Amino acid sequence: MQKYDPQAIETKWQRRWEESGLFACELDDARDKYYVLEMFPYPSGRIHMGHVRNYSIGDALARSKRMQGFNVLHPMGWDAFGMPAENAAIKHGTHPATWTYENIANMRTQLKRMGYSYDWRREIATCNPKYYRWEQLFFLKFYEKGLLYRKNAPQNWCETCHTVLANEQVIDGCCWRCDQPVVQKELTQWFLRITDYAEELLECLDTKMAGWPERVVTMQRNWIGKSIGAELEFAVEGGGAIKVFTTRPDTLFGATFMSLAAEHPMVETLIAGRPEAAAVRAFVEKVRNMDRIVRQAEDLEKEGVFTGAYAVNPVTGARIPVYVANFVLMGYGTGAVMAVPAHDQRDFEFARKYELPMTVVIQPEGEPALDPATMDAAYTEPGVLVHSGKFDGMANEAAKKAIVDFLGAKGLGTPTVNYRLRDWNISRQRYWGAPIPMVHCEKCGVVPEKEENLPVLLPLDAAMRPDGRSPLPDIEAFVNCTCPKCGGPARRETDTMDTFVESSWYYIRYACARHEDAPFDAAAVKHFLPVDQYIGGIEHAILHLLYSRFFVKVLRDLGYLEMDEPFHNLLTQGMVLMDGAKMSKSKGNVVDPDEMIARYGADTVRLFCLFAAPPERDFDWSEKGIEGAHRFVNRVWRLAEELEGRLAPVAPCSYAPSDDAPEAARRLRHKEHLTAQKIRDDIADKFQFNTAIAAAMELVNLLYLVKDELAATDEGLAALSSAMNTTLAVLAPITPHLSEELWESLGHERPVILEPWPVVDAAALTLDVVTVIVQVNGKLRAKMDVPADASREEIEKLALAEKNVIRHIEGKTVRKVLVIPGKLVNVVVGG
C-alpha cells in the first residue's frame, strides 16, 4: 500500500460518488424514508467551522441511515436573498446577484470537498425566480385567506440597513444583522396573521414535539406567551375609558394607579391641554426608541411620567392617577396596566420610586398581616382577599372568576385570553429580496397580481445606491405596471419580503425541487415530509423554527400539505469556539476549513468535529485535538497496511468461531459485535458521535493487540478479516473516504456505503468465558472459568473464593495478588 494521502484519496472518491450519482434519492415506497436536513446556509462566500460541524453531524447520520436500509433524502441549498449580499455588493462595487452566485459556486466547491452525501440535483437558491415564483403564489393565497394585511404602525427601523425589523430581529436594542441601534419609525407594512395560529402553535408544542429539545419548546412557549385573564374597563375623568388586560382580577381592589405604554393611542388625548404635556411627549419619544426586550427585563429601572389625568377604579370608585411607564408594552394586552403595587413587583418598584399609595388585598393565611409601610417587596403568593368588599375571605384563585363575573354583569369586564406573540411584519425596504406581488391603483386601491403573471421578477439591471436604500422605487420599468383589476395604470409594491419567508418552506421544496407545474408534487411531499431530523443552531429557536411551523399549518389549510408540523426531530448543535470565544474575523480567531483540509484531509476534520464533544455542546478548537484525530486516521491506515494481502473481503461481523477457536479470536469477535451495535445506536438514536468514535478506537486498539497472534492461523485470519471489515463499515459514516479506500483495497467491488450495516449477533454480545489459572506462590492450585472482560477486582475475588486456594492460604498473610486478565492469578502469601 502507498502512504496515506488524504488529498488524492478524498478527491478520488468524491469524483466517483458524483459520477455514479450515488447519493441521488428517488421516491421509493418499498423502503422507509429518512429525511435528514441541516439548516441551509446564507452564501457568505466561505464555509466556517460552525458549518463543518453542523454538516458533518448531518452527513454521519445520513450515511448511517443509508447503510441501515433507509431511502435517505439529504439535500442542500442556499438562503440567498437578504441584506448582507446587498451591503457586500455596495462595498465591493458589484451586483448582489453576481456576488451571491459567485459565493454559491465557491461554497458548493468547499462542501463537495468535505465529501458530504448531498443529492445535489435538488439544490435550490431562494433568489432564483423558479423558487420565489411559488412564494409569491403563497403570498396571494395567504391574502385571499385573509392572513395578510397592511397597517400603519411604529416599526423597528435600522438606519444602517434602511429597513424595518421584526421584533425577533432586534437584539438588545440593535439590528441582528449589523448590530447598530434600532429606532421607531411610522410605516405602512405588510403583516402575516401568525396570531391566528397562536393556540395551535402552542398546543402542538405539547402534543407533537417529543423529538425537540425542551429548551427550544420552552423558548417558543414563552414567545407565544399565552395568558388567561380578563379585559376590564376603567372610566377616565372627563370622558372615555381605558381598557386593561390582567391575569390578576383578584387584585383589582388594590389598583391604586394606571400605567400606559408610550405608544398607547390615548396618551395624546389624556395630555391634551395639560401642563404635563411637554414632559410626557419627551418621555414618550425616549421610551419608543428603547429595545422592547430591554423594556421587559426584570432589572430595568422603572421610570414613568404623570399624564395629569385620572381614572376610576371600577370596584372601589377611587380616583387613581394615570402614568406613562417604560416597562409597559403596546404589543401585549391593551398596552395599559392596572397597577397593584402591593402584589406586582414592577408596580411595587414604580410606586416606591414615585411615592404612590399601596393597598394590600391578599393576605397570606396563618401569617401576620401585611403592612404596605413595612413591605420590602410585592406579595405575589396565594392567600385570601381582604379590603375587597364582598369578596373578603375568599381564596384568591376562586376570587378571579367571581370578580370577573361580577364585572361582566355590569358590562365592565370579560374573560379574555391574550398572547404575547405579535403578527409577523414581512415588509422590507431593501432590493435583494422576493418582490411582493401587489400593485397600487388609484382607482382600485391595493390589488393582488394575477397568478398567471407570476413571477414578478426582481429586475437584475438595478444599480445599487451607495447609501443602501433600495433602488426599486426609482426603476420605472419595474414600478409602472397595469392594474390587474381595471387595466389602468398602477404602481408595483416596492417592498420585498422578509428572507425568513423563504426559509419557512424551503425544506418542502427539496422533496420536488425540479417540479415545474406547481410548488409541490403531492406524492413526493407525502412520501418525504415531514423532515425526520433537522439540525441547526439554537439561535433559530424562535425566528426560523416558529415561522416554519406557522407556514406548514397555513399551507395545510390551503390544501398543499397533509402534515401539521415540519420537523419531527430537532438537534441544536453547539458552537465551535477558539479559546472560549466565538470565532470571528474581527477577533482574528478563525480556523479556515480549507487550510485544515489541505493539512490533514477532510476525514480528519470531520472526525475531530464529531469527536470533540457531544453535538449539543460548544467545543474549543484544539490543534492537539485535530492532530490526535489525524493520528487515529493514520493508525487505521497502518493497520490495513500491516495486514495487507492477508485479509479477505468478507461481510462485517461474519466470523463464526469454531469450538476450539483461540481466546483472542473470541474476544475480538465480542468487541467487534459490541462496537457495531454501540456505534449504530450512538449515531442513529443518541447522536453521541464522540462515544461512537471512542468505541471504534477501542476496536482498533484491540486489533493491534491481537493481530500478530491471530495472523498465524487461518481461523485467526478469519476473525481479523471480519473485524477489519467491520471497522471500516462502522467508520464509513464518519471517515467515508478512508473507509472506501481501505474497503476497496481488501478486494470489495461495491462501495461500503452501499453495504448494509453490520448485522450484530446477540450471542456474540454475551461475554465469552475464559479459563484462568490460579496459583499460590507460583504453584497451580485451581482453574476457574470467568467472563473474558471481567475486571481485575472481580477475577481476584473469584480466585480467593476457590476452595483449594482457601485451603492453601488459610492461616497465612496474603501479601500480594497478581492478576493477568484472561490468563493467570498468582496469590503471594507469607507465614
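# Close-up views of a predicted model

**View 1. A buried histidine, H264, in a loop.** H264 is buried, because its relative accessible area is 9% (buried means under 20% relative accessible area, exposed over 50% and partly exposed in between, with a 1.4 Å probe and protein chains only). The loop that holds H264 runs between β10 (257-260) and α8 (267-271), where helices (H or I, at least four residues) and strands (E, at least two) are DSSP runs, numbered from the N terminus. When residues up to four places away in sequence are not counted, H264 touches M330, T334, G335 and A336, and contact here means heavy atoms within 4.5 Å. This is a predicted model, in which local features need pLDDT of at least 70 and side-chain atom pairs count only at pLDDT 80 or more, while totals for chains, interfaces and linings use all residues. Residues are numbered from 1 along each chain as its sequence is written, and side-chain values use heavy atoms, with hydrogens and water left out.

**View 2. T414 in strand β16.** T414 belongs to strand β16 (residues 413-419) and is partly exposed, with a relative accessible area of 43%. Although T414 and E231 are 183 residues apart along the chain, their C-alpha atoms are separated by 5.5 Å. Apart from its neighbours within four places in sequence, T414 is in contact with G229, A230, E231 and V404.

**View 3. The packing of helices α7 and α17.** Helix α7 (residues 214-224) packs against helix α17 (residues 543-557) at an angle of about 75 degrees, and their axes are 11 Å apart; axes are lines fitted to C-alpha atoms, for helices over the stretch in contact, and angles run from 0 to 180 degrees between N-to-C directions. This makes α7 roughly perpendicular to α17 (angles under 35 degrees count as roughly parallel, over 145 as roughly antiparallel, 65 to 115 as roughly perpendicular and the rest as oblique). On the α7 side the contact is made by V216, Q220, W223 and I224, and on the α17 side by L545, L546 and R549.

**View 4. The packing of helices α20 and α24.** Helix α20 (residues 623-642) and helix α24 (residues 736-745) pack with their axes 11 Å apart, at an angle of about 0 degrees, and the two helices are therefore roughly parallel to each other. V633, V636, W637 and A640 of α20 meet L738, E741 and L742 of α24 in this contact.

**View 5. The aromatic pair of F142 and F551.** The rings of F142 and F551 form a tilted aromatic pair, with 5.1 Å from centre to centre and 45 degrees between the planes; rings of Phe, Tyr and Trp (its six-membered ring) pair if their centres lie within 6.5 Å, and planes under 30 degrees apart count as stacked, over 60 as edge-to-face and the rest as tilted. The pair links distant parts of the chain, since F142 lies in helix α5 (residues 129-144) and F551 in helix α17, 409 residues apart.

**View 6. Charges over the rings of W13 and W120.** The charged end of R16 sits over the ring of W13, 4.5 Å from its centre, and K112 lies over the face of W120, at 5.5 Å from the ring centre. A charge sits over a ring if NZ of Lys or CZ of Arg is within 6 Å of the ring centre and within 35 degrees of the ring normal.
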